[in-house]
Structures are given as C-alpha cells and as structure tokens.
Amino acid sequence: MNLYARLAYLAENRAGVVAVETASERLTYDQFQASASRIARRLRAAGVGRGDIVGLHLRDAPIHLAAFFAVMRLGATILPLDWRSPPSELSRVIDRFGP
C-alpha cells in the first residue's frame, strides 16, 4: 500500500474530517482526495505512469500536497524542486534526474 491508498481510505471513511488546513484554506479528506485525483488524471493524460520521475516545483500550499499524492497514485517517483532555488540550480537537478 502506498500513501495514496491511505488517503483514499480516509476519504471514504472520514470524508468530512479536515485533512489539510492553512490560514486561508481548509480541505476535508474527500475534497483533498478529489483534488489529488484531478491532478493524477491530468498527469496521466500527459503520459505520466508507473516508474516515471515527476518534478514538482510548487510553493508550499495544499495543491502541492495534492500533487504529491497524485504522483503516488500513478506509481511515479516524486522529485521535489525547491521553488526558492535559482534557475541554475533547477537546471542542474533537472539535467541530473530527468523528470
């Protein structure tokens, strides 16, 4: 079981319980799982599948967490890219890992 399977379980069994909360946003498990599923569908439509490396270059927000779960749902590998990194550093990491 990966973490996405746990999220799916919680979305089904604790749907209305808050899963992610920030100062400006609050998502229940079912809302969070729905967001991750939408992202996973978009990634799959773009050709992402099991074993692929997916670079995530997002600011700290619930959408970033949902993208992590979406990548896990597809069986792909997450390559976190720090949004504060200078372009030269991002290029070096992308060239090295090939997301």
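Contact, on this tour, means heavy atoms within 4.5 Å. The model you have open is predicted, so local features need pLDDT of at least 70 and side-chain atom pairs count only at pLDDT 80 or more, while totals for chains, interfaces and linings use all residues. Residues are numbered from 1 along each chain as its sequence is written, and side-chain values use heavy atoms, with hydrogens and water left out.

**Stop 1: Leu7 and its helix**

Select Leu7 first. Setting aside residues up to four places away in sequence, Leu7 touches Tyr29, Phe32, Gln33, Ala36 and Phe69. Now widen the selection to helix α1, residues 3–13; helices (H or I, at least four residues) and strands (E, at least two) are DSSP runs, numbered from the N terminus. Tyr4, Leu7, Leu10 and Ala11 are buried here, where buried means under 20% relative accessible area, exposed over 50% and partly exposed in between (1.4 Å probe, protein chains only). Look down the axis of α1: its buried residues fall within an arc of 120°, so they line one face of the helix. That arc is taken from the directions from the helix axis to the C-beta atoms. The buried residues of α1 pack against α2 and α3.

Glu12 counts as exposed because its relative accessibility is 69%. Draw a C-alpha to C-alpha distance from Glu12 to Tyr29: they are 8.2 Å apart in space and 17 residues apart in sequence.

**Stop 2: the aromatic pair**

How many aromatic pairs does a search of the whole structure find? There is 1. Rings of Phe, Tyr and Trp (its six-membered ring) pair if their centres lie within 6.5 Å; planes under 30 degrees apart count as stacked, over 60 as edge-to-face and the rest as tilted. Phe32 belongs to helix α2 (residues 29–45) and Phe69 to helix α3 (residues 62–74), 37 residues apart. Both Phe32 and Phe69 are buried.

**Stop 3: the core**

Next, colour the largest nonpolar core, which has 22 residues; Leu7, Phe32, Leu43 and Phe69 touch the most other members. Such a core is a set of buried Ala, Val, Leu, Ile, Met, Phe, Trp, Tyr and Cys residues joined through side-chain atoms within 4.5 Å. At least two residues each come from α1, α2, β3 (53–56) and α3. The most, 7 residues, come from α3.
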